[in-house]
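My entries follow in the order of looking.

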Amino acid sequence: MYINVFLNFLLRVLALVIISLLGCAFGEDRVFSWSGGNDSQVDANENACLTDVVSCGCCLMKKQIWKLEMFFNMTLNELQRNLERAHSVLNNIRASRSAFSVALTDTRLCIGPNREDSVVKYSSVFVNLGDGYSTDTGAFVAPRSGIYSLALTVYSDAGAPGATLAACARLRLNGRTIASPSENNLQDQEDSASAVLAVQLHAGDRVDVALPAGCFLCDNNNHYNTFTGFLLYTTD
């Protein structure tokens, strides 16, 4: 019994709400178009709300559907533009990836001392993303302009404490020395030195390691002598 009374009450409230909404819709003085166009340009003689009040609700509904369609199309176009921009950024990141890390050798090897400076060719490759480093020339060629991190570690074993051989090398940019890590063998027979720096490179710049005359490097599968570089961010 109580349930029936409550349902009747809800039905009456719902009926009042619908009647109120219809009254508001029919009572507006605005002129609506069946085509959803500009209200100010509608011919009153062709408007259904002026000739057929029953169909006015349909006219209003069509106008609202047209507005929703316009909003949906605008939102869809914006999403498409954002997706295209995201793809462009992602492709740019993929194209700019550049990193290498190499060691002198995987087996027991000593190079030097030489009478003249010579390029150190690192043959053991850990990573060469972008193929910027060449094992044939021993040089890294920057694929894009940007800020790069470069690191060089040198190590030598002179064979006996007090020997005059030194662990040294020159990190060069286009033939110009930008860092010279070195360590002379004085108290022991093994010495090492490292250099880490950030440099701005232009696309096509060449970075390599030179072994100065009188210097001596030794390595094995422990990879004491390493040369590493990677792109921090582009500037082009």
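Entry 1, core. I looked up the largest nonpolar core and found 30 residues in it, with Tyr122 and Phe227 having the most contacts inside. I take a nonpolar core as a set of buried Ala, Val, Leu, Ile, Met, Phe, Trp, Tyr and Cys residues joined through side-chain atoms within 4.5 Å. Buried stands for under 20% relative accessible area, exposed for over 50%, and partly exposed for what lies in between (1.4 Å probe, protein chains only). The elements giving two or more residues to this core are strands 1, 6 (146-157), 7 (166-168), 8 (170-173), 11, 12 (206-211) and 14. Helices (H or I, at least four residues) and strands (E, at least two) are DSSP runs, numbered from the N terminus.

On provenance: this is a predicted model, in which local features need pLDDT of at least 70 and side-chain atom pairs count only at pLDDT 80 or more, while totals for chains, interfaces and linings use all residues. Residues are numbered from 1 along each chain as its sequence is written, and side-chain values use heavy atoms, with hydrogens and water left out.

Entry 2, Phe227. I listed its contacts (heavy atoms within 4.5 Å). Leaving aside neighbours within four places in sequence, Phe227 touches Phe100, Ser101, Val102, Tyr122, Tyr133, Gly138, Ala151, Leu152, Leu171, Val207, Asp208 and Val209. One of these, Val102, is also the bridge partner of Phe227, which sits in strand 14.

Are the residues of strand 1 (residues 99-103) mostly covered or mostly open? I found five of its five residues buried. Ala99, Ser101 and Ala103 are buried on one side, and Phe100 and Val102 on the other. Strand 1 runs antiparallel to strand 4 (residues 124-129), with five bridges between them. In that pairing I noted Ser101 opposite Val127 and Ala103 opposite Ser124. Strand 1 is also joined to strand 14 (residues 226-234) by five bridges, again antiparallel.

I count two strands as paired if DSSP finds at least two bridges between them. In which order do the five strands of the open sheet run? The order is 4-1-14-6-11, with antiparallel pairing. Strand 4 and strand 11 (190-201) are the edge strands, each pairing on one side only. Neighbouring strands here are turned by 10 degrees against each other on average, direction ignored. For such angles, axes are lines fitted to C-alpha atoms (for helices over the stretch in contact), and angles run from 0 to 180 degrees between N-to-C directions.

I placed Ser149 in strand 6. Ser149 is buried, because its relative accessible area is 15%. Apart from neighbours within four places in sequence, Ser149 is in contact with Leu197, Ala198, Thr228, Gly229, Phe230 and Leu232.

How many salt bridges does a search of the whole structure find? I got two, where a salt bridge is a side-chain nitrogen of Lys or Arg within 4 Å of a carboxyl oxygen of Asp or Glu. Arg170 and Asp117 form one of them, at 2.8 Å, N to O. Arg170 lies in strand 8 and Asp117 in the loop between strand 2 (109-111) and strand 3 (118-119), so this pair ties together parts 53 residues apart in sequence. Arg170 is partly exposed at 32% relative accessible area, and Asp117 is partly exposed at 41%.

Asp208 and Arg172 also form a salt bridge, with their closest N and O atoms 3.0 Å apart. Asp208 is in strand 12 and Arg172 in strand 8, 36 residues apart. Both Asp208 and Arg172 are buried.
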